[in-house]
Amino acid sequence: MLRPLLFFSVAGKLAAVILWTVKPMPWVGLGCFCGADLVILYHLLAPWGQWVCPAFMRFETPRKEIWLTIDDGPDETDTPQILDLLDAHRARATFFLIGERAARLPGLVAEILRRGHQVGHHTQTHPTRLFWCASSARVNAEIDEGLAALRTGGAAPKWFRPPVGIKNLYLAGALARRGLGCVGWNVRSHDFKSRNPEEVVARVMKEVAPGAIVLMHEGRGMDPRVRVHAISRLLAALAGRGFSCVVPEDGQLR
Ligand SMILES: [Zn+2]
């Protein structure tokens with residue numbers, strides 16, 4: 001969808017100029033001039049936007065299964081605890097790791113894999129504010145440096161998650177050239193800004209359904225009352241409702 005949108009963006013600007021010379025109509029001219037740009041901006045900034053860079057948002061399953069995804073690690077304190085919790089619940093998860101943190105903790109990357117989980121790519125530096133307008137060179141560097149860091153821990157990721165779900169005009173092409181797919185989520189816990197693990201769990205359990213992709217976080221940016229505790233309580237709540245945490249096959253993703 002990106003190329004048609006860019007075409008309409010350019011065509012709209014030309015139409016606005018032509019219209020203005022024929023008969024000035026400010027609102028029509030403004031709509032022509034920036035209508036397509038606003039649509040592009042929406043699909044860049046909205047985590048569920050699909051037209052700039054398509055992302056998988058759920059998976060097909062006939063069973064009560066969810067895909068637990070944990071972003072922003074590895075963390076020397078949280079990751080080992082989370083791995084133990086996953087073991088205790090016989091749960092599998094995908095850890096979307098930040099490259100510069102993985103480079104400092106390659107042993108933890110290897111341990112995630114050794115314990116039967118999956119490692120995904122979550123950029124090299126997690127540039128949240130300006131990723132949407134980053135240059136092609138910056139986007140490529142975030143991906144390549146992150147890949148190199150994850151490889152030092154033995155990971156060969158096939159999934160990429162943009163920081164806070166924000167896309168970039170160059171992202172789809174950069175991922176395709178490296179054989180990476182983009183993964184979003186359809187159940188957001190808001191654990192990162194919460195101070196109450198029960199509130200986090202309640203939010204997830206209200207929305208969870210078979211095939212859900214659940215977004216959780218780890219690391220020191222979180223409130224200590226929520227950090228690890230929310231994942232611990234969520235795993236218990238999911239088990240109580242008969243849900244298992246799996247890593248879906250590629251063909252199941254939608
Ligand atoms: Zn993140």
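A residue is called buried under 20% relative accessible area, exposed over 50%, and partly exposed in between (1.4 Å probe, protein chains only). The model is predicted: local features need pLDDT of at least 70 and side-chain atom pairs count only at pLDDT 80 or more, while totals for chains, interfaces and linings use all residues. Residues are numbered from 1 along each chain as its sequence is written, and side-chain values use heavy atoms, with hydrogens and water left out.

Start with the zinc ion. Its protein donors are Asp-72 (OD), His-122 (NE2) and His-126 (NE2), at 2.0 to 2.1 Å. Donors here are N, O and S atoms within 2.8 Å of the metal (3.2 Å for Na, K and Ca); water is not among the atoms, so sites may look incomplete. Along the chain the donors follow the spacing D-x49-H-x3-H. His-122 is buried at 1% relative accessibility, and His-126 is buried at 19%.

Now turn to the rings. A search of the whole structure finds 1 aromatic pair. Phe-56 and Trp-159 form this pair, edge-to-face, with 5.7 Å centre to centre and 80° between the planes. Rings of Phe, Tyr and Trp (its six-membered ring) pair if their centres lie within 6.5 Å; planes under 30 degrees apart count as stacked, over 60 as edge-to-face and the rest as tilted. Phe-56 is partly exposed, at 28% relative accessible area, whereas Trp-159 is buried, at 7%.
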